[in-house]
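Please open the structure in the viewer and keep the selection tool at hand.

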Amino acid sequence: MKLKLISGIFLLMSFAWVSPAQLTMKKREGGILIVDGKENVLLYQTAPKSKDGRFSRSNYIHPLYGLNGQILTEDFPADHLHHRGVFWAWHQVWIGDKQIGDPWELVDFEQDVVELEFMKGASESVEIRTEVDWKSRQWRLDGRIVPYLKERAKITVHPSTGTYRKIDFEISLLALVDDLKIGGSNDAKGYSGFSVRMKLPDDVKFSGKNGEVIPEVTAVKSDGFVNISGTIGQFKGKGGIVIVDNPGNPGYPQSWILRDKNSMQNAVYPGNKLVPLSTTEPLVLKYSLLVYTGKMSSNKIEKIIQREY
């Protein structure tokens, strides 16, 4: 099936299809749900959601489901109402010498999902392709709020192997105005970029290529991936999520902001500095999630990464 959303209206572009892996799409109020047979995989949020009119957000994933059907992510958590499932955002957006918004905390920031396509990918995968306009009430032309950045993203969902599922993200950011810059929080932490607000188990552990990774107040180093594991879901089984930083990303291997409670997990780019965005060559960032049950060793993760990249 190829489904397109333009100006808030879904258009069916061709006849429905079902891949051998049974990865399909279902329309839901506010978004589209990817399912694998009878099991939910993820919901991509197309329409704005808010809490009492505040913290409006769209263009993110929640819920993200585990292989046993458990919900792995959180939205509007009480401790950080601006956190939202799987998202990508930056604290600072500047045009020239003016800061026009804070997409991370959803201040002076809105996103319009102006186009969305759902289609068959390679090797029985499916793809969500989006085109999203970034706007701010602080940026106007002739008195009208107009887009200042064009985001294009591709989310590729792969069939489950039985023990894990791989989900790939490719995020492309193209400036629509000159002298546009983005950056993370203006402090030592530098929150910025691709993030997962996961329901953290009480026995959560973080590990990388060289073993256990201990969260710190500021960013920590890890060689290309972080495995977040523990006892998850209503059946109290072992499992987790691996966040993979693509070797082609700027600043690879990127640092990580990790938290063992009440927060998100963040692959930090660019940190607390500002980076300029071009009006002709987009900034492209790529990440993957490995959602798994049981245990996932660093050797197995590296083999998956080597095979894919």
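Which residue lies over the face of F76? Select R57: R57 lies over that ring, at 3.7 Å from the ring centre. A charge counts as over a ring if NZ of Lys or CZ of Arg is within 6 Å of the ring centre and within 35 degrees of the ring normal.

The model is predicted: local features need pLDDT of at least 70, side-chain atom pairs count only at pLDDT 80 or more, and totals for chains, interfaces and linings use all residues. Residues are numbered from 1 along each chain as its sequence is written, and side-chain values use heavy atoms, without hydrogens and water.

Next, turn to the aromatic pairs, of which the structure holds nine. Rings of Phe, Tyr and Trp (its six-membered ring) pair if their centres lie within 6.5 Å; planes under 30 degrees apart are stacked, over 60 edge-to-face and the rest tilted. Select F87 and W104: their planes stand at 65° with centres 5.4 Å apart, so the pair is edge-to-face.

Now select F109 and W134, an edge-to-face pair with 5.4 Å between centres and 85° between planes. F109 and W134 are both buried.

Then display W88, F169, F194 and Y287, which form one aromatic cluster.

Finally, select S185, which is buried at a relative accessible area of 6%. Contacts of S185 (heavy atoms within 4.5 Å) include H91, Q92 and N272.

Key. Buried < 20%, exposed > 50% of the residue type's maximum accessible area, 1.4 Å probe, protein only. Lists of a residue's contacts leave out its neighbours within four places in sequence.
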